[in-house]
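Work through the exercises below with the sequence and the model at hand. Each task is followed by a solution in steps.

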Amino acid sequence: DIKGFVFDLDGVITDTSVFHSQAWRQVAEKVGVQWDDQLADALKGISRMDSLNLILKHGHRENDFSAAEKQALATEKNTHYLELVDQMTPANLLPGIKDFLTSLQTAGYQLSLASASKNSARVLAKLGLSAVFTKAVDPTTLTHGKPDPEIFRRGAELLNLDPAQCIGVEDAAAGIQSINGAGETSIGIGDPQVLAAADINFKDTAELTLANIKARMA
Ligand code: G16
Ligand code: MG
């Protein structure tokens, strides 16, 4: 029986992926790496430094920067990203998310957060969700990021639940892989072709309701 939900943040609860992309694009173009949608998709759910490495590789510039230079580029991205985050309000919640979270709490499900973002506490506060997600995996304590199962396994542990008792919700292919590897039921939000590995697919967050989930699990 399902007793808990482990949520990704960016792209599921709010669309910070647009802000991440905007901030990364500026850095990519500054170092002469051409931006495209496929690159933007590949960065979803990936840690900050892994994202930078992927961008540099995409432009065949992976050997052109020292560790210190890379750190400076990552910091520059984050500064720009936080300027965008600080303009967020509860209006930035994706469609249906507020009602879905309330319905889960009312039905007695436990909730935790499995976001790769070091800024998730700040984003949650902006969205008015700090009290809803009192349990969040600290990404700085992870050995491996998504697609490794560690982060979603830890999300279940925070709830004192077995992974089989949890549903993980994700918008990124790397995240679905992490949920599946952890042994949880995976819900993919977005393009079902990109998220073909998910147990259940919804095209957007408006479809995310307990009734729809139960219908798909039956
Ligand atoms: C998110 C985003 C990623 C981002 C990562 C790290 O993961 O999807 O694109 O690179 O967080 O973010 P930060 O630079 O804020 O630490 P998730 O797991 O919430 O989708
Ligand atoms: Mg995400």
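pLDDT is the predictor's confidence in each residue, on a scale from 0 to 100. The model is predicted; local features need pLDDT of at least 70, side-chain atom pairs count only at pLDDT 80 or more, and totals for chains, interfaces and linings use all residues. Residues are numbered from 1 along each chain as its sequence is written, and chains are lettered from A and ligands numbered from 1 in the order in which they are written.

**Exercise 1.** State the confidence of the prediction.

Solution. The chain has an average pLDDT of 97, and 100% of its residues score at least 70. For the complex, the predictor gives an ipTM of 0.90 and a pTM of 0.90.

**Exercise 2.** Describe the packing of α1 against α4.

Solution. Helices (H or I, at least four residues) are DSSP runs numbered from the N terminus.
Step 1: α1 covers 16–30 and α4 covers residues 67–85.
Step 2: their axes lie 9 Å apart at an angle of about 140°; axes are lines fitted to C-alpha atoms over the stretch in contact, and angles run from 0 to 180 degrees between N-to-C directions.
Step 3: α1 is therefore oblique to α4, given that angles under 35 degrees count as roughly parallel, over 145 as roughly antiparallel, 65 to 115 as roughly perpendicular and the rest as oblique.
Step 4: residues of α1 including Phe 19, Ala 23 and Val 27 meet residues of α4 including Leu 73, Tyr 81 and Leu 84, where contact means C-beta atoms, placed from the backbone, within 7 Å.

**Exercise 3.** Which residues come nearest to ligand 1?

Solution. Step 1: the residues around ligand 1 number 20, and Asp 10, Ser 115, Ala 116, Ser 117 and Lys 118 come nearest; a residue is near if its C-beta atom, placed from the backbone, lies within 6 Å.
Step 1: the elements giving two or more residues to this shell are α1 and α3 (48–58).

**Exercise 4.** Find the backbone exceptions.

Solution. Most residues other than glycine have a negative phi, and most peptide bonds are trans.
Step 1: His 60, in the loop between α3 and α4, has a positive phi near 55°.
Step 2: the bond from Lys 146 to Pro 147 is cis, with omega near 15°. Pro 147 sits in the loop between α6 (120–127) and α7 (150–158).

Note on methods. Contact = placed C-beta atoms within 7 Å.
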